[in-house]
Amino acid sequence: MKLFRLRGGIHPEGRKTSSADAAIRALPLSPYLFVPLQQHVGAPAKPVVQVGDTVLAGQLIGAGQGNVSAPVHAPTSGRVVAIGDHPSPHPSGLSAATVTIEPDHEARWVDADLPADPFGLAPDEISERVGAAGIVGLGGATFPSSVKLKLSRRSGVDTLIINGGECEPYLTCDDRIMRERAADIVTGIRLIQFAVGARRALVGIEDNKPEALAAMRQAAAGNDVEIRMVPAMYPMGWDKQMIQVLLGREVPAEGRSADIGVLVHNVATAWAVQQTICLGRPLVSRIVTVSGGAVAAPANLEVPIGTPVQALFDACGGFHGAPARLVLGGPMMGHQLSHTSVPVVKGSSGVLALTQAEIGLTRPAPCIRCSTCVRACPVGLLPLEMAARIRSDDLAGAEAIGLKDCIACGSCSYVCPSSIPLVHYFNYAKGELMSQARSRLKQEATRKLAEERTARMQRIAREREEAAEARKAAKAAREAAAQAAAKTEVAA
Amino acid sequence: MRPIAHSPHAHAVSSVGRIMATVMLALLPATLFGFWLYGWPAVYLWAVSLLAAVAGEALMLKLQQRPVKPAILDGSGVLTAWLLALSLPPWAPWWIAVAGSLFAVLIGKQVFGGLGQNVFNPAMAARVMLLISFPLEMTTWVAPMAQLPGALDSLAVTFGGQHLDAVSSASLLGHVKTEFSRGLDLQQALAGHFAPLQALWGQRSGSLGETAALLILAGGLILIARRIITWHAPVAMLAGVALPALLMNLLAPEHYAGPVVHLLSGGVMLGAFFIITDPVTSPNTATGQLVFGLGCGLLTYVIRTWGAYPEGVAFAVMLMNAATPLIDRYIKPRIYGRTRKGDTLVPEAAKRDAT
C-alpha cells in the first residue's frame, strides 16, 4: 500500500529495548490513591463524593462539567479519606484538587449495565458511554474522546486512523498493549468506527515494532481494519503526520482532522473503549512504561490512576545511582517532575529516570545558522529565525512567521548542534503572547465599563435635570392655574 | 530550588566543535596535497595563518571581557584561517597570512558580534582585502617543481622575503587574461598550459589548497555524507559556472574557455564545497541555497570573463552573502496547513462543495 511523503522529522535513538520485552504486569495497589479531578483538556470534574464515603471500583467520584470535560472514577474500592489539594503532575508542580482514596483491597466493582450485543447499541449511545467512562486521548493529549466521537459523527468523517506510532523514545506501553491485547484493540477500533460511521479504519504502526505489527495483523484478519506499517521517525505519532503518511491529506491550519474527514485515536484509547463498552469498565488504570538509564529494571506496568510515581520506580527495583532528571511522558515532549509524590494520571504514558549521559545537553552556544532545525521541523517553520526574534523580544515578529503553528515537538532542539533550547523559547513566547492578549482583553473590558459608567452618570444627571425642569414647569403651571383660579374667583 | 529543565530531555550527539572538526578533517586531503606539491613554505604559511587567527581572536575576546575558551575551542576561528590559507599563493610571505587571518577573525567576524553574526564569509572578506591591498604578493604563484627547497631554506621563502622571480609562474586564469591582452586567442593561450588530467589531480600553479579538484570533491562528499552540508549549494554553484561557460564556448570557442577549464581552475571547487556552504553566511532553505549557489557560480563566471580580475570566486561569494538576508526573506518553507502566502488551506472537500 502506498505511503505518502513526509516533511522534516528526526530519527532519535529509540532506547526502547530495555522495556520492550517486558510483558505488562499489574502494579499492586498503593496505600493511598490520589485521583486528581482534572486529568483532561477542558473543565475540571466536580467531586460527587464526600470524605468518609465508601466507594466501589469504577464508581463515579467526579462529574464532568460543561461541554468539554471528563468524569473521573474510583480506581478501586475503598474509602474517601480526603478531598483537597495534592501535588499534581502539572509542569508547574503546583497542587490541584484531588480525591484521596484508601483502598480496602477487596476490589468490589460497581454493577455494570452491559449490552448483549455492543454493535446493537445506537452509535450515539456508544459515544455517551465512552464519555461517561471518562475516556480521554491516552496518547498524551487527554482530549475527551466522546467529544471527538460526537463531532466526527456530526461532520461525517470517512476514515478512522488508529495511531500506533509511539514515536517517543523509551516508551513501549503502546507496543506492549498491541502485542498482548490486539484482539480487544481491534474490537475497540470497530466500535469507534461504528460510533462515528467511518467507511475505513486504518492502524498505523512504526516499522520498529514488528511483533506488534504481527499481533495486530493477526487480530485484524477477517475484519475491515487495515494494519499499515509506517517508517519509524519522530514525530510520527503527531496525528497530522500520521494522516499525511497514510492518506496524503493535510489538515488546514487552526483546523481539526474532522475538517478533512478523518478521526484519529490512539491504540490505548481503542482498548479503553472496548473495556468500557464490552465489560463496563470505566477508565481507572493505564499502561505506563517505566524506563531510563537510572531505573534498575525497566518495565511496563498496568497502574491504577492516582498511584504515586514513587511506587512505580519502587516496583522496578528503584534507582541505580541518583537520576539526573525525572520525566513524566516521553523525553521529547514530556515534562520534568520535581518529586515522586505526584500521581499517575490518564495521560501518563511513561515515567523516566534519566542519567546525565542520556540527556546529553551541553551548554548553549551561539547559533551558526546551520538550518538543521529547518530541515528537522515537521511543520515547515524556521526555528532559528523565530528564536532570534524572540531573543530580541520581537514576539509579534515570531508570530508572523508561524510561532502559533509550532507543535512543540522538540525536533529542532534535539538536533541543534549549539544546544539552543528552541522549544523553551517558543513556549515562553506563546505564553507571553497569551498573557498579553488576556491583559488586552482585560483592559478592553475595563475601558468599556468605565465608558458605560460615564454614560450612565451623564444620563442620570441629565434625567435629574430634566426632572427638575419638569418639576419647575409643573410648579409654574400650578401657580399660573392657581392665579387664574383666584382671578376667576375674584371676578366671580 | 533547581530550575525545571524544559523538554526535550534528550539531544543528538552533535556540537559546533564537532562540525568544525569534521570540516577540517574533510579539508585535510586537499591541504596535505598542497603541502606535498608546494613544499615547506606552504606548511609555514598555513601554520602562521592558524596561529595568527587564534591569537588575534583570543586577544580580542579578552579585551571585550568575553569568555575566551569556548570561542577558541569551537574551532570556528581555526577553520576560517585554514580556509583563508588554502586560498593564498603558497609561497606568499608570512605577513600576508597574518594580515589576512587577523582581518578575517577580527573585522570579518568579531566586529559583527562573533560566531554566527557575520554577514560576509570571513575568509573571503580577508582574501578580497589582501587581493586589493597587496596585488603583487597575491598573484605571485609558484609552479609545481621537482626540486622543492628544504625545511630551512623554506624559512627564507616565507619569513625572509626572498624574491620569487626565479620560480614564479602565472595561474591559468591569469595567464589566459594576459595572453588575451596580447591579442592571442584561447587556443594559443591554453596551449601547453591546460591539461585536464593534471588539473583534476591539482598539479598546477595556483592557491595552496585550491588545485586538487578530486581531493576537494572527496572532502565535499564526506561533508554531504556526514550531513554537515547538503548538495544544493555546491551543485548549483558548479552549474552556475559550467552552464554559461558551455554556452559561450559553443558560441565563440576561440575566445571563451569551456566548462572544464572553468570548473578545474581557480577557487571554484573549494568555493563550491567549503566556502559557500558556510552556514552562517548562506540561506536557510534548500531552495534558497540553490539560488545562492547559482548566483555565486554565475557571478564568478561573469567576473572571470568580463571583469578586471582573472579570478572571481571571492567577489562572487561576498556579493551573494550580501543577498542572503534578501533570499531568506523571500524564500521560506510552506507551513503545514497553510498556503505559501500563509493563508489557511482549503480542504479538498470544501473546494468541491464551493464549485
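Me: In what order do the four strands of the open sheet in chain A run?
Reply: The model is a predicted one. Its open sheet in chain A is built from four strands with parallel pairing.

Me: Over how many bridges do β9 and β10 of chain A pair?
Reply: Strand β9 covers residues 159–164 of chain A and strand β10 covers residues 200–206 of chain A. One of the residue pairs joins Gly164(A) to Ile205(A) in β10(A). The strands pair in the parallel sense, and the number of bridges is six.

Me: Which strands of chain A does helix α5 of chain A lie across?
Reply: Helix α5 of chain A spans residues 182–196 and runs at about 150 degrees to β9(A). Helix α8 (residues 267–279) of chain A also packs on the sheet, where it touches β9 and β12 of chain A. For α5 of chain A, the strands are β9, β10, β11 and β12.

Me: What distance separates the centres of domain 1 and domain 3 of chain A?
Reply: Domain 1 of chain A takes in 17–303, and domain 3 takes in 364–462. Each of these two domains gives five residues to their contact. Taken over C-alpha atoms, the separation of the centres is 32 Å.

Me: How many residues of chain A are in contact with chain B?
Reply: Chain B brings 35 residues to this contact. On that side of chain B, 19 are nonpolar, 12 polar and four charged. The number from chain A is 53.

Key
Residues numbered from 1 in each chain as written. Chains lettered and ligands numbered in written order. Predicted model: local features only at pLDDT ≥ 70, side-chain atom pairs only at ≥ 80, totals over all residues. Contact = placed C-beta atoms within 7 Å. Nonpolar A, V, L, I, M, F, W, Y, C, P; charged D, E, K, R; others polar. Domains from an automatic or database assignment. Pairing = 2+ DSSP bridges. Helix = DSSP H or I, 4+ residues; strand = E, 2+ residues; numbered from the N terminus. Axes fitted to C-alpha atoms, helices over the stretch in contact; angles between N-to-C directions.
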